[in-house]
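Here is a briefing on one protein chain. Keep the sequence and the 3D view open as you read.

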Amino acid sequence: MDTTIIHVDMDAFYAAVEVRDNPELFGKPLIIGALPHERGVVATCSYEARKFGVHSAMSIKEAYKRCPHGIYMHPNGRKYKTASEQVHKIWLTYTDLIEFISLDEGFLDVTGSAAHFGGARKIGMEIKSRTLAEIGLTCSVGIGYSKTSAKLASKEKKPDGFYEIATANEFKALIRDRGVRIIYGVGLKTAETLHQAKITTVRDILENRQIVVAILGNHGKQIIDLAEGIDNRKVQPYYESEAKSISREHTFQKDITDIEYLKDALRLLAKELSLKLRVENIYARTVTLKVKYANMKQITRAKSGDATNQTRDIYDITASLLDKVEKRPIRLIGIGLSGFEESEFRQMTLDDLTDKRDGKRKESLDRTLLELQTKYGEQIIKTGNEMIAEKRFNVDTIPEKDA
């Protein structure tokens with residue numbers, strides 16, 4: 001059976017969500033990331049802003065130089081995550097073989113399910129129409145025989161596009177005279193190396209195979225295969241419980257020296273990570289604190305011990321680690337979890353033997369709280385310390401980052 005893969009890419013996702021919720025922003029250059037006077041980069045921007053050369057990962061200062069009349073906004077992480085969950089829910093009605101690349105992008109392997117829904121083209125069109133009708137957003141859909149072809153197809157007619165690349169010959173014909181960066185895995189440095197050898201297009205790659213391999217080695221062989229339309233990579237469904245590590249981090253707008261403020265950030269990051277673990281019903285044995293100072297020096301401190309998935313444990317460990325690091329202005333703080341297990345394990349103590357009944361009551365309470373958080377959202381129940389932290393720290397500004 002021939003492989004059929006769909007790539008879905010939301011159009012200017014963060015900006016589109018903001019325009020959906022505030023129609024007055026429609027048609028205006030909107031830049032999501034930071035305000036012009038703040039430290040930060042562009043997370044995404046509307047297509048109107050892109051006309052001025054603004055793009056994601058560009059510094060806000062550079063974006064402001066290019067588009068001083070643009071509208072600059074902070075990201076609303078919670079709002080985008082909600083929209084992403086709605087998008088993912090639509091995708092999951094067509095296949096469970098989905099590789100979620102980010103909040104707004106993913107590969108769907110519909111090889112085994114396409115016939116049930118009337119074919120891949122019908123699935124692609126339904127995803128587009130349902131996304132607009134149910135969520136109020138547009139997306140671009142590409143259908144291909146491989147991950148590379150599907151991703152390229154989704155970019156062909158952006159925004160709100162639909163395109164199909166059915167065979168390797170179609171793929172080669174489409175990209176033959178385009179620049180080398182159209183090939184997956186050819187970044188700026190690789191492109192510069194190829195350009196120095198006077199290889200600037202895909203056609204040049206195919207006509208100078210020996211040179212490509214000579215200067216790039218095995219990477220060059222992979223690039224040649226992709227230029228030929230050969231890509232046997234499988235869609236890899238991602239399950240949090242199978243990850244080697246999970247992390248969350250936050251970059252501050254201003255360097256922070258206030259230890260209590262930093263601990264408030266840790267408390268909120270720990271809460272989000274705890275919910276992730278408890279939803280997956282897994283436990284972490286190693287907790288890592290990540291700190292990046294104002295001079296960009298980065299350090300990590302880790303502690304391994306009893307497996308846990310509780311906010312308080314994660315917070316206590318990272319707060320203790322923070323107390324021991326050098327005290328100077330901090331730019332970024334984060335928490336990483338690893339050493340996952342499917343059950344909690346710790347050394348039994350005398351207190352454990354006398355508190356079994358209390359432990360069972362706590363397990364029952366934890367299950368009830370998790371059910372409520374899963375059903376109504378993680379903010380439905382907060383501890384006193386979490387409410388204090390949220391007063392001092394805007395939780396909507398803490399972005400997700402999975403390692």
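**Starting point: F171**

Leaving out residues up to four places away in sequence, F171 touches Y145, T148, S149, L152, I165, L226 and G229. Here contact means heavy atoms within 4.5 Å. The model is a predicted one: local features need pLDDT of at least 70, side-chain atom pairs count only at pLDDT 80 or more, and totals for chains, interfaces and linings use all residues. Residues are numbered from 1 along each chain as its sequence is written, and side-chain values use heavy atoms, with hydrogens and water left out.

**More on F171**

- F171 sits in helix α7 (residues 168-175). Helices (H or I, at least four residues) and strands (E, at least two) are DSSP runs, numbered from the N terminus.
- F171 is buried, with a relative accessible area of 3%. Buried means under 20% relative accessible area, exposed means over 50%, and partly exposed lies in between (1.4 Å probe, protein chains only).
- F171 and G229 are 58 residues apart in sequence, yet their C-alpha atoms are 6.1 Å apart in space.

**Confidence**

- pLDDT is the predictor's confidence in each residue, from 0 to 100.
- The protein has a mean pLDDT of 86, and 83% of its residues reach 70 or more.
- Over residues 345-357, pLDDT stays under 50, and the model has eight contacts beyond four places in sequence for them.
- Over residues 395-403, pLDDT also stays under 50, and the model has 29 contacts beyond four places in sequence for them.

**Helix α4**

- Helix α4 covers residues 77-91, which is 15 residues. At 1.5 Å a residue it should span 21 Å, and its end C-alpha atoms are 21 Å apart, which agrees. The expected span is 1.5 Å times one less than the number of residues.
- Which residues of α4 are buried? They are Y80, A83, S84, V87, H88, I90 and W91.
- These residues cover an arc of only 150° around the axis, which puts them on the same side of α4. The arc is that of the directions from the helix axis to the C-beta atoms.
- An α-helix has 3.6 residues a turn, so residues three or four places apart point the same way.
- The buried residues of α4 pack against β1 (5-10), α1 (13-21), β2 (30-32), β5 (98-102), β6 (105-109) and α5 (120-135).

**Helix α5**

- The 16 residues of α5 should span 22 Å at 1.5 Å a residue, and the end C-alpha atoms are 22 Å apart, which agrees.
- The buried residues here are A120, I123, G124, I127, K128, T131 and I135.
- Seen down the axis of α5, they fall within an arc of 135°, so they line one face of the helix.
- Their cover includes β1, α1, α4, β6, β7 and β8 (162-165).
- Just after α5, G136 takes a positive phi of about 80°.

**Nonpolar cores**

- A nonpolar core is a set of buried Ala, Val, Leu, Ile, Met, Phe, Trp, Tyr and Cys residues joined through side-chain atoms within 4.5 Å.
- The largest such core has 30 residues, and I6, V8, W91, L108 and I127 have the most contacts inside it.
- At least two residues of this core come from each of β1, α1, β2, α4, α5 and β7 (139-144).
- Helix α4 gives the most to this core, with five residues.
- Another core, of 28 residues, lies apart from it; F252, L262, L266 and V291 are among its residues.
- V8 is in contact with W91, D104, E105, G106, L108, I127, C139, S140 and V141, leaving aside its neighbours within four places in sequence.

**Aromatic pairs**

- The structure holds six aromatic pairs. Rings of Phe, Tyr and Trp (its six-membered ring) pair if their centres lie within 6.5 Å; planes under 30 degrees apart count as stacked, over 60 as edge-to-face, and the rest as tilted.
- W91 and F100 form a stacked pair, 6.1 Å centre to centre with 15° between the planes.
- W91 is buried, at 0% relative accessible area, whereas F100 is partly exposed, at 28%.
- F13, Y14 and Y80 form one aromatic cluster.

**Strand residue E99**

- E99 is found in strand β5. Is E99 buried or exposed? E99 is buried, with a relative accessible area of 14%.
- Not counting residues up to four places away in sequence, E99 touches E105, G106, F107, K147, K234, V235 and Q236.
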